[in-house]
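Subject: Structure for you to look at

Hello,

Here is the structure I said I would pass on. Please open it next to this email and follow along; my notes come after it.

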Amino acid sequence: MGIEVVVEGLTKSFGKQNIWQDVSLTLPAGEVSVMLGPSGTGKTVFLKSIIGLLKPEQGRVLVNGVDMVNGSERDIMEARKLFGLMFQDGALFGSMSLFDNIAFPLREHTRKKESEIRRIVMERIDVVGLLGAEDKLPGEISGGMRKRAGLARALVLDPQIILCDEPDSGLDPVRTAFISQLLVDLNAQIDATMLIVTHNLDIASTVPDNMGMLFCRNLVTFGPREVLLTSDLPVVNQFLAGRCEGPIGMSEEKDAATLAAEELNGYGQGISSANAPRTVVPQLEPSPGLPVRQGALRRRERVMSMLGQLPEAARTAILNSYSPAAAGGGRP
């Protein structure tokens, strides 16, 4: 089972530029979470702060008793072995075959024999659907295959926490759908805690148990997926609808004068229609033959226990999503 990740009061700046401040959330053990946000809101910086590759100025990240911000370098390095990190571009070595790329962490961080390394690597290659491509170079395969190879490499050390940085970037809708299904299947098979950074709404609406959003140097929200997907916050509405009108501008948040002008031009009417009840699409199920996601079972129990604390629209969506299972059919 995956490990819970607790983020408390995290604040990160580069020079005088504040990226985000006072971010607090918990990634529940074994569940899949997504962090949304417009480009430039520090989503990748957030991932790197969780694993200890960047040092926030304030706050802490607790992983298995280790503070990834303030702990000793030795403790952080040890805790980092619990993570698997899938980079945007796969971050593969161009001169190495896929096999050698995927084997690299095992050769670098373990003393396993080559026969054992081969067994592990081929298992992971099979999991991500790349059997037969292990001898190819990264430049000889498609972007989607490079993504899957990067994911296989993230899996070879049996991580309990997997961080995925925009797994959909550069992929067409069909390949994005394959990656989405692969992530769900992976969670069903290894029960790892997963955090996916993306601005792809197809992944965000169908894959995770929990969703958050970064905007304007703050965590707008984080919690069960239904809370964000039914939210009436203007920034969430704009992002989910993909509209120009709203707080999100081309490079950063819009100023008050621009928002006021939009309101005068009928933006208010657009927002009220956007605030109509939004359909929450069902989560993806694991592929046939795979086990039920244990994270989904734990998530159901957790969310039902906090139902009374959630907004009415989110409560309704949660109850609707679980009603087929309550009647003896559908997903758990």
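Among contacts in the protein chain between residues at least 6 apart in sequence, 65% join residues at least 24 apart. Please keep in mind that this is a predicted model.

Some overall numbers come next. The chain has 332 residues, and 49% of them count as buried. Its secondary structure comes to 12 helices and 10 strands.

I then looked at one helix, α6. Helix α6 covers residues 173–190, which is 18 residues. From its first C-alpha to its last it reaches 26 Å, close to the 26 Å expected at 1.5 Å a residue.

What lies at the two ends of α6? At the start, a side-chain oxygen of D172 comes to within 2.9 Å of the backbone nitrogen of V174. Just after the helix, D191 has a positive phi of about 55 degrees.

Several residues of α6 are buried, among them T176, I179, L182, L183 and N187. Which elements do the buried residues of α6 pack against? The helices are α4 (114–127), α5 (143–155) and α7 (201–206). The strands are β3 (32–36), β7 (161–165) and β8 (193–197).

Last, the cysteines. A disulfide needs a pair of cysteine sulfur atoms within 2.5 Å, and by this rule the count is 0 disulfides.

Regards

Technical notes
Residues are numbered from 1 along each chain as its sequence is written. This is a predicted model: local features need pLDDT of at least 70, side-chain atom pairs count only at pLDDT 80 or more; totals for chains, interfaces and linings use all residues. Side-chain values use heavy atoms; hydrogens and water are left out. Helices (H or I, at least four residues) and strands (E, at least two) are DSSP runs, numbered from the N terminus. The expected span of a helix is 1.5 Å times one less than its number of residues. Buried means under 20% relative accessible area, exposed over 50%, partly exposed in between (1.4 Å probe, protein chains only). Contact means heavy atoms within 4.5 Å. A polar contact is a pair of N or O atoms within 3.5 Å; within protein, one must be able to donate a hydrogen and the other to accept it, and residues adjacent in sequence count only if both atoms are side-chain atoms.
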